[in-house]
Amino acid sequence: MNVAVIGKGGREHALVKMLAKSKSVDNIYAIPGNAGMKDICEVMYRVSEKDFDAIAGICIERQVDWVIIGDAEPLSLGLADFLIDEHGLTVFGPRKKEAQMETSKSFTKNLLKKYNIPTADFKVFTDLAEAKSYIEHANPPYVIKKDGLSEGKGVVVVNSKEQALKALDNLYEADDHDDSKMKPLIFEEFLDGEEFSLMVLVNEDYSHTFELIAQDHKSAFGKNEGPNTGGMGAYAPVTHISESIRLETIEKIIKPTVSAMVEEDLNYFGVLYLGAMITEDGVKVLEYNARFGDPEAQVLFSMIESDFACLLEDVKAKKPINIDWKAGYTVGVMLATAGYPYEYKAGIRIDFDDNIMEKSYISGIRQTEDGDYISAGGRIMLVTGSGKTISEALSSAYRTIEEITFDEKDVFYRQDIAHRAILIK
């Protein structure tokens, strides 16, 4: 079969690498792809993820059997709808309506509340004065979140009134017609506990939850300090979180969510990423995303031994599946440019060889005409390591980083990825 992967980041790089191992896949087309994919598939650098006609034209001309949409933005703009309704293509990725599970936090929170699915208490504000009044009387800590897409950066945990007002100022966006009205902000109860990630393959009333739990690291700096990011590293499996927790999550959160979507006439086909937290009151939903998590996907995909294209065929047919996983552990450490997530420097030179590329996933790198790799985004690349133990995997990842040449003034990374697994093992 022929497969098109839509996106240009590390998650899509991981999808392409995994599909390249599938015996059932003949050709892979990355739209627009990145510098890490050029040797394993055909890369369409000049085609934007927003150019629906060009994407459709490529898929029809190349006789694409499956389109996998990796990035949230084209989902939010209705790429799946266009490819399905206008051209009859098979798309793994939800339509615009269903993608609201990620693109509108208020939509999802209200769905969870309606169906009594465990999540943090919340209030949604669209009036600036009302939001400020709430801050005056609220007892921190609590969380303020932007309603729409924010690449993991539209979330602020506030511990004081002053911090809340600053966060409100940073996150505030005026309504198109009235400056006193704002795009929705969610003020949410602060949950204390341990976070984890689960990926779920969904086809309407059918679902299959990944057998492995992953754990992301959102804060920019070590010891969970600094602003939230799109993810500074991840690892799997998370063996100190028991199988009973995973099963509880399936029974109390995932299955009820899938049933709720069906009840609400959401014909979801794609992956549903669950960000959850273990609290004293049980597991609760932090967020849902309508695509694979990044960087969790890079770590998880590198551990899948099953033919992923065949798995998609079975999900489409609603057949029972079981994913085969490699033994051991995989850790991923993200290199980012100084100033991320608020800003980033383009053009920083990063030197590494093909052996390191094999162990890495490109997030924000482009290649010059001379063949040099330079930064083109806040997050540069996720470097992975594997081993029989979490310590071996972690050491492998950091040893590989030592083989990469960059100016330490311009590039940073967390040195405590998987610290909870090391402490609790």
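A salt bridge is taken here as a side-chain nitrogen of Lys or Arg within 4 Å of a carboxyl oxygen of Asp or Glu. By this rule, the count for the structure comes to 29 salt bridges. Please bear in mind that the model is predicted.

The assignment divides the chain into domain 1 (2-95), domain 2 (121-189), domain 3 (194-317) and domain 4 (329-423). Over C-alpha atoms, the centres of domain 2 and domain 3 are 26 Å apart.

I turn now to individual salt bridges. Lysine 97 and aspartate 265 meet through their side chains at 4.0 Å, N to O. Lysine 97 belongs to the loop between β5 (91-92) and α5 (100-103), and aspartate 265 to the loop between α9 (243-263) and β16 (269-279), so this pair ties together parts 168 residues apart in sequence. Lysine 97 is partly exposed, at 40% relative accessibility, and aspartate 265 is partly exposed at 48%.

A second salt bridge joins glutamate 188 and lysine 145 at 2.9 Å, N to O. Glutamate 188 lies in strand β9 (residues 181-189) and lysine 145 in strand β7 (residues 142-146), 43 residues apart. Are these two residues buried or exposed? Glutamate 188 counts as buried because its relative accessibility is 4%, under the 20% limit; lysine 145, at 8%, is also buried.

Finally, the cavity search. One cavity of 30 Å³ or more is found in the whole structure, and the largest cavity holds about 40 Å³ of space. Its lining includes Arg11, Phe92, Val271 and Arg291. Domain 1 (2-95) and domain 3 (194-317) each contribute at least three residues to that lining, which divides into seven nonpolar, two polar and two charged residues.

How values were computed. Residues numbered from 1 in each chain as written. Predicted model: local features only at pLDDT ≥ 70, side-chain atom pairs only at ≥ 80, totals over all residues. Heavy atoms only, no water. Domains from an automatic or database assignment. 1 Å grid on protein atoms, 1.4 Å probe; cavity = no way out; pocket = protein on both sides within 12 Å on 5 of 7 lines; lining within 4 Å. Points joined across faces, edges and corners; volume = space filled by probe spheres on them. Nonpolar A, V, L, I, M, F, W, Y, C, P; charged D, E, K, R; others polar. Helix = DSSP H or I, 4+ residues; strand = E, 2+ residues; numbered from the N terminus. Buried < 20%, exposed > 50% of the residue type's maximum accessible area, 1.4 Å probe, protein only.
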